[in-house]
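Dear colleague,

I am passing on the structure we spoke about, and my notes on it follow below. Please read them with the model open beside you.

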Amino acid sequence: MAAAVRLCLCVCLLGLPCGAFAFAPGPGDGMNVLFIVVDDLRPVLGCYGDKLVKSPNIDQLASHSVVFSNAYAQQAVCAPSRVSFLTGRRPDSTRLYDFYSYWRVHAGNYSTMPQYFKENGYVTLSVGKVFHPGVSSNYSDDYPHSWSVPPFHPSTEKYENDKTCRGKDGRLYANLVCPVDVTEMPGGTLPDIQSTEEAIRLMNVMKTSKQKFFLAVGYHKPHIPLRYPQEFLKLYPLENITLAPDPWVPEKLPSVAYNPWMDIRQRDDVKALNVSFPYGPLPYDFQRQIRQSYYAAVSYLDTQVGQLLNALDDVGLSNSTIVVFTADHGWSLGEHGEWAKYSNFDVATRVPLMFYVPGMTTSPVIPGERVFPYRDPFSHISDFMPQGQSKKVVELVSLFSTLAELAGLQVPPVCPEPSFHVVLCTEGSSIVRYFNVSEEKDGCDDTFRCFNEETVAFSQYPRPADTPQWNSDKPKLKDIRIMGYSMRTIDYRYTVWVQFNPNNFSANFEDVHAGELYMVETDPNQDYNIYNNTLHVWFYKKILGFLKH
């Protein structure tokens, strides 16, 4: 009864009438969850070995966490990726490859991760971009199914693509590269700043209520436009910025695999360059400016994460809160002559992923001890190392089952085939078993056994045609004709581009349009496609076997 009273108090403090939330008993010893998801963040972080970036707060989190160095999204575009990991289902099960359908209507009435926590006694809260807004989350971020109260979106979010970037002529533009004076922005602030402030407010409310919570905080940057407080440019002098190690289109890259970065081309500063479609390279000096601004945006993001985690200390919840940090997908910074995401390459699909679990990934926190003191990137040199770093290949689709296990909830069952009629199941198994990184082995003495037992991540990307089109990056469902299924292991990336029928969501693996095979040890940047000069029946059977089961 006391728990119900506390929950009622919490809901009232959040601004809803007490009768607006139905109480369900929670697990006896479950922890809170702070789930941080970032938009378009590849692992350019100090804790991932990047020597240029200034990310002391995220690195500090990593120093208390288990960090996965080979984590991959299921599709390198926002809505499909987020719906996938929030439902625990792959894009072929959510039937979302674009932005224009709601899985509960078009695929199945699947439970989501926050919904599951809500049904197990948690107050579930969404701040910023967690679900992708719009049709793909029913114009409500899946409220009231997933969230206890309506999700919060920053009031300044609507200005993201407006002309707020001041050019050298003093006029305002809708640029890609967009360092700004925050005081000149609409409302005198930026969306991620507002999200941090709201998340901190909610943590203070939850401290008062003493009710377990699942708080998801979605940050926009470094998603384009690369709009961030201009002072962060000081951290990255342009003369220190290098080009991508492979800023050319690989000679044997199938044309269907190429991402022609149309949304970049539509920005005012890129338009002015008159770059030819689809392969025309950006000028090298502008490439450096993009890379400089991406890094600056990451450091700006780091300050927001730092303030959020510092507040977790302030409210005394660092010893009772699981913190998960990840991104919906990566972002190309000129590799393979590409920008943005929209591909199956590692630069687009690989994401940071770390879990802080008090008493599990780090020693129990002494009451009053500060775990996450704020670190100013302008004055702190990051010297933090991950508490543990796993090289296992893992997938974001495993987040649902992993967080359920960490919180002491019953892990949802593995989905049957097919699973469109099953409300609660997941297609990604829990990765808690990989948290003990000291048990990982570097080698294997049985090549055949290792090949068949290796951990695998699957990603996919749709295309409208075999050659780059204006809608190649974001084809609508009705226009999809080819699907690229990609399998990543610790040793290789194997991709087959096959005929796809959007009317019945079926892939025809008898009709292969193109293929890619990259051996990571000798070709870490995935520049040399050996698909056509290698016997790859073994790989083909393996990917087909995984996809059919």
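**Salt bridges and their surroundings**

At 11% relative accessibility, D346 counts as buried, where buried means under 20% relative accessible area, exposed means over 50%, and partly exposed lies in between (1.4 Å probe, protein chains only). This is a predicted model, in which local features need pLDDT of at least 70 and side-chain atom pairs count only at pLDDT 80 or more, while totals for chains, interfaces and linings use all residues. Residues are numbered from 1 along each chain as its sequence is written, and side-chain values use heavy atoms, with hydrogens and water left out.

D346 is the partner of R488 in a salt bridge whose closest N and O atoms are 2.8 Å apart; the term stands for a side-chain nitrogen of Lys or Arg within 4 Å of a carboxyl oxygen of Asp or Glu. This pair links distant parts of the chain, since R488 belongs to strand β15 (residues 482-488) and D346 to helix α11 (residues 346-349), 142 residues apart. Helices (H or I, at least four residues) and strands (E, at least two) are DSSP runs, numbered from the N terminus. R488 is buried too, with a relative accessible area of 5%.

A search of the whole structure finds 17 salt bridges. In one of them D39 is joined to K129, with the closest N and O atoms 2.6 Å apart; D39 sits in the loop between β1 (32-38) and α2 (56-62), and K129 in the loop between β3 (123-128) and β4 (165-166), 90 residues apart. D39 and K129 are both buried, and a network of salt bridges links D39, R82, K129 and D328.

A further salt bridge runs between D314 and R370, whose closest N and O atoms are 2.8 Å apart. Because D314 lies in helix α10 (residues 284-314) and R370 in the loop between β12 (350-356) and β13 (388-395), the pair ties together parts that are 56 residues apart in sequence. D314 counts as partly exposed at 47% relative accessibility, and R370 also counts as partly exposed, at 40%.

**Helix α10**

The 31 residues of α10 should span 45 Å at 1.5 Å a residue, and its end C-alpha atoms are 45 Å apart, which agrees; the expected span is 1.5 Å times one less than the number of residues. Of these 31 residues, 25 are buried, so α10 is mostly covered. Just after α10, G316 takes a positive phi of about 70°.

Helix α7 (residues 191-209) packs against α10 at an angle of about 10°, with the axes 10 Å apart, where axes are lines fitted to C-alpha atoms, for helices over the stretch in contact, and angles run from 0 to 180 degrees between N-to-C directions. That makes α7 roughly parallel to α10, a label for angles under 35 degrees. The contact (heavy atoms within 4.5 Å) includes D192, I193 and K207 of α7, and Y300, Q304 and D314 of α10.

**Strands**

Strands β16 (residues 492-501) and β17 (residues 506-519) run antiparallel and are joined by 10 bridges, pairing being assigned if DSSP finds at least two bridges between two strands. V496 stands opposite G515 in β17. In this hairpin, which has four residues between the strands, F505 takes a positive phi near 55°.

T326 is found in strand β9 (residues 321-327) and counts as buried at 0% relative accessibility. Not counting residues up to four places away in sequence, T326 touches several residues, among them F35, V37, V351, P352 and L399.

With best regards

Methods:
Angles under 35 degrees count as roughly parallel, over 145 as roughly antiparallel, 65 to 115 as roughly perpendicular and the rest as oblique.
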